[in-house]
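Subject: Structure for you to look at

Hello,

Here is the structure I promised to pass on. Please open it and keep it beside this email as you read.

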Amino acid sequence: MIHYGKQSINQEDIEAVIDVLKSDFLTQGPKVIEFEENLKNYCGAKYSKVVSNATSALHLAYLAIGLKKDDIVWTSANTFVSTANAALYCGAKVKFIDINPKTYNISIDAFREKLVVAKKANQLPYLVVPVHFAGQSCEMSEIWDLSKEFGFKVIEDASHALGGVYKKEKVGSCNYSDMAVFSFHPVKMITTGEGGAIVTNDKILDEKISLFRTHGITKEADKFINKSHGNWYYEQQVLGFNYRMTDIQAALGISQLKRLESFVGRRKEIAEYYLANLKACALPYQHPDCASSWHLFVVKAKNRKEVYKQLLDQGVQTQVHYIPVNSQPFHRSGILENTQQFYEECLSLPIYMDLTNEECMKVIESINNVE
């Protein structure tokens, strides 16, 4: 079976984890700090915090930005449910924006129109969460300009986009956002098994994330509210969570990050191979301001269900990204025309580091020969 996504683990990754298992630190230790340093340097951001998964990263980012009960969050419905769910954890209300039928990201035109209507109704969002679908950045400079005009915060859901580029800067530089969130799930660009991260250029936001990540507890003497009782003293100052990453995971992340450029390069080669040879489906568009990390390669097929079945029968696993969040029974909130049309036709093809050229050709031939 050719899978749609798969991690790439080498001997260096294995040895990095074994070294931690032999060390004095298994939970939060020096490897977590090292991973955070390497990640922020890669992205070009000032601060980074790694956490247990991308859902917890979204939750912490929303809390740090000040999201509270009855605040309004806008995001794309073309995403995994956690983008919206993490806002609901904060008691916020979630509304969805339709996508651009070319990029599959937030439609700037639909977004602007929705903002104008919301302003008249005094229902503007407190926070907007653009989702960089499949690894291609949203049009962040336009979104950032609108945030200044209409007064909302911006957090990038960049779970798909580590290694991607927008306007010649790495996704995660936060040049056009308050924060960005990454995922290290096994099918993502790099993996820590489960894991996530938040990057930002705002020191105050970074400090809040650090506090929320560890039960709301600080051991830093200069931040104590009360007088210290001794070296063992700590204070819980807010209601926080146990969203920490372990040194075992961080060691794997450090090793994987060293290979990120090769991961992205191989995915780009596969994408170019698909783009040059696939004939029987609509191919993904790339915005000129972006260089995708190619987390996903998504085609559109009018007979998607039959294509999915025939490929599976031939040993090729594909996937559908995503069932629109606004159509889920829990969220049900009407229909977004472009998002719904995309869902009815989209299919994610295999793309990952260790996919061979021979396997790519099998995928291509299988699709081109679908009856």
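First, the ground rules. This is a predicted model, in which local features need pLDDT of at least 70 and side-chain atom pairs count only at pLDDT 80 or more, while totals for chains, interfaces and linings use all residues. Residues are numbered from 1 along each chain as its sequence is written, and side-chain values use heavy atoms, with hydrogens and water left out.

The sheet

Helices (H or I, at least four residues) and strands (E, at least two) are DSSP runs, numbered from the N terminus. Two strands pair if DSSP finds at least two bridges between them. Seven strands make an open sheet with mixed pairing. Their order is E1-E9-E8-E5-E4-E2-E3. Strand E1 (47-51) and strand E3 (93-97) are the edges. Each has a single partner strand, so one side of each lacks a neighbour in the sheet. On average, neighbouring strands are turned by 20° against each other, direction ignored.

Now walk through some of the pairs. E1 and E9 run antiparallel, joined by five bridges. E8 and E9 are also antiparallel, and five bridges join them. There, Phe 182 has Ala 197 of E9 as its bridge partner, and Ser 183 has Gly 196. E5 and E8 run parallel, with three bridges. Glu 156 is bridged to Ala 180 in E8. Strand E4 (residues 127-129) and strand E5 (residues 153-157) are parallel too, with two bridges. Val 128 sits opposite Val 154 in E5.

In E8, five of the five residues are buried. Met 179, Val 181 and Ser 183 point one way, while Ala 180 and Phe 182 point the other. E9 also has five of its five residues buried, so the rest of the structure largely encloses it. Gly 196, Ile 198 and Thr 200 point one way from E9, and Ala 197 and Val 199 the other.

Helices on the sheet

Axes are lines fitted to C-alpha atoms, for helices over the stretch in contact, and angles run from 0 to 180 degrees between N-to-C directions. Contact means heavy atoms within 4.5 Å. H4 lies across strand E2 (72-76), E3, E4 and E5, and runs at about 155° to E3. Helix H7 (residues 203-213) packs on the sheet as well. H7 touches E1, strand E8 (179-183) and strand E9 (196-200), and its direction makes about 20° with that of E1.

Two helices together

Two packed helices are described by the angle and the distance between their axes. The axes of helix H3 (residues 54-64) and helix H4 (residues 82-89) come within 9 Å and cross at roughly 45°. H3 and H4 are therefore oblique to each other. (Under 35 degrees is roughly parallel, over 145 roughly antiparallel, 65 to 115 roughly perpendicular, and the rest oblique.) H3 contributes Thr 55, Leu 58, His 59 and Tyr 62 to the contact. H4 contributes Ser 82, Thr 83, Ala 86, Ala 87 and Tyr 89.

Single residues

Start with Ser 48, in strand E1. Is Ser 48 buried or exposed? Ser 48 is buried, at 5% relative accessible area. Ser 48 stands opposite Val 199 in E9. Leaving aside neighbours within four places in sequence, its contacts include Glu 36, Leu 39 and Asp 206.

Next, Tyr 352. This residue is in the loop between strand E14 (346-349) and helix H12 (357-368). Tyr 352 counts as buried, at 5% relative accessibility. Not counting residues up to four places away in sequence, Tyr 352 touches residues including Ile 2, Arg 266 and Glu 359.

Then look at the backbone. His 215 is not a glycine, yet has a positive phi of about 65°. His 215 lies in the loop between H7 and strand E10 (217-218), and is partly exposed at 33%. Trp 294 has a positive phi of about 55° and is not a glycine either. Trp 294 is buried, at 7%. Last, a cis peptide bond joins His 321 and Tyr 322, with omega about 0°.

Best wishes

Technical notes
Buried < 20%, exposed > 50% of the residue type's maximum accessible area, 1.4 Å probe, protein only.
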